[in-house]
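Please look over the model below before reading on. The report then takes up some strands, an aromatic pair and a surface patch.

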Amino acid sequence: MLPCSTAYGAICNVPTRPKKPQKHIALMLSGGGARAAYQVGVIKAISEWLPRASVSPFTIYCGASAGALNITALACHASCFTLGAKKLNRLWTNLSTQDVFSSSFEGMLGHIGRQSFSRMQASFHVAPSFALLDNRPLRRLLQRVIHYHRLEQQILSGNLRGIAVTAANYESGKSVTFFQGHSDLKPWRRARSSGVHCQINTEHLLASSAIPIVFPASRIGHSFYGDGAIHLISPLRPALKLGADKVLCIDLGASNGEEARGLSHAPGLAALGGHLMDAIFADTLSADLEHLHRMNTITDALPAEKAQELELRKVEPFYLAPSMPFEPIAQECYAKMPLATRGLMRILGLSPVNDATITSYLLFEQEYIRQLIDMGYKDAQNRQSELMCFLFD
């Protein structure tokens with residue numbers, strides 16, 4: 001599929017270091033555990049449409065949960081998008097469960113033992129946050145592969161306007177967005193959310209990706225934070241607050257072609273857990289996009305002076321979601337999951353066939369990840385003309 005002529009012309013003339021980009025395009029990645037490999041396939045496709053060594057078409061990066069890990073890795077290489085995409089693809093294709101959480105019998109039993117022992121100590125001893133899995137391997141991985149000092153370098157060079165990582169504050173019950181960017185970006189406060197200017201580091205990424213009960217909450221300052229998809233009422237707000245004119249949203253929710261399946265029996269604990277996981281990561285993006293469309297319509301109907309007075313501006317969104325459900329692939333690759341992890345899932349009553357939803361979030365194995373990357377790559381290629389016009393017109 002050939003791109004539209006205007007997009008093609010724009011690509012051919014993409015400067016390697018633009019001084020003053022006309023529009024700020026934001027990349028917004030939602031959460032979903034291992035499902036975030038799908039986003040890597042989309043990014044890989046986009047990088048192949050760009051000239052080698054060109055700057056990123058995105059000047060704003062926003063993410064929650066696993067999406068926050070992806071956008072941070074990309075933002076570190078905003079000056080060379082193809083390099084960033086290549087490194088991100090290499091990271092995911094070489095990923096395994098043991099890189100994310102302790103998956104051996106020794107590691108899992110040791111984690112459960114530490115959790116139990118800490119809760120038998122004196123009341124003045126602060127027990128660690130409860131979690132079924134130990135994500136210390138993920139901490140070590142992030143510290144090794146993400147060079148946070150490059151974020152400030154990209155901001156100073158003009159390749160990056162801002163990066164935002166969202167987490168949920170367990171104490172206040174609010175969604176908190178930690179952002180780093182240009183000095184003209186200001187913190188914000190709303191009824192159920194706020195924006196805090198800071199230097200992004202590993203703690204913010206661990207907090208944003210801490211799936212409740214599965215991974216431990218992360219402490220930042222005096223508060224504990226969990227998965228960024230919790231309490232996320234307005235997923236587009238961070239991108240808009242950072243000044244985005246366009247937003248590319250790569251969602252990881254249910255696919256457009258997924259059909260509802262009836263249950264022959266009452267849902268058990270595992271089935272309910274799967275629905276809760278879907279509810280956590282179904283971060284109201286569809287409702288937020290509908291609201292954005294309505295605001296765009298109102299902005300178009302108002303005179304330019306009135307819209308400026310009301311601080312209204314038009315923001316163009318582009319929504320991309322998986323064309324197929326993840327569950328069948330998770331069922332197919334279930335046997336690749338470490339034996340100790342499968343044993344724990346069995347103890348908790350999880351079935352590889354009936355409860356593939358939960359498996360699809362935790363299956364960090366190469367065969368599963370590569371199939372998701374391929375799906376994202378093909379979905380992006382199928383919409384190449386639309387994406388090119390959106391990014392380069």
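## Strand pairing around β8

Asn169 stands opposite Tyr225 in β8. This is a predicted model, in which local features need pLDDT of at least 70 and side-chain atom pairs count only at pLDDT 80 or more, while totals for chains, interfaces and linings use all residues. Residues are numbered from 1 along each chain as its sequence is written, and side-chain values use heavy atoms, with hydrogens and water left out.

Helices (H or I, at least four residues) and strands (E, at least two) are DSSP runs, numbered from the N terminus. Two strands pair if DSSP finds at least two bridges between them.

| Strand | Partner | Sense | Bridges |
|---|---|---|---|
| β3 (residues 162-169) | β8 (residues 223-226) | antiparallel | 2 bridges |
| β7 (residues 218-220) | β8 | antiparallel | 3 bridges |

Tyr225 in β8 is also the bridge partner of Ser218. The hairpin of β7 and β8 has 2 residues between the strands, and Gly221 takes a positive phi near 70° there.

Phe179 belongs to strand β4 (residues 174-181). Is Phe179 buried or exposed? Phe179 has a relative accessible area of 0%, so it is buried; the term means under 20% relative accessible area, while exposed means over 50% and partly exposed lies in between (1.4 Å probe, protein chains only).

Contact means heavy atoms within 4.5 Å. Leaving aside neighbours within four places in sequence, Phe179 is in contact with several residues, among them Ile163, Ala164, Trp188, His197 and Leu242. The C-alpha atom of Phe179 is separated by 9.6 Å from that of Tyr61, although the two residues are 118 residues apart along the chain.

A search of the whole structure finds 7 aromatic pairs. The rings of Phe179 and Trp188 are stacked, because their centres are 5.4 Å apart and their planes are at 15°. Rings of Phe, Tyr and Trp (its six-membered ring) pair if their centres lie within 6.5 Å; planes under 30 degrees apart count as stacked, over 60 as edge-to-face and the rest as tilted. Both Phe179 and Trp188 are buried. Elsewhere, ring pairs link Phe58, Tyr61 and Phe81 into a cluster.

## A residue at the surface

Leu339 lies in helix α14 (residues 339-347). Its relative accessible area is 53%, so Leu339 is exposed.
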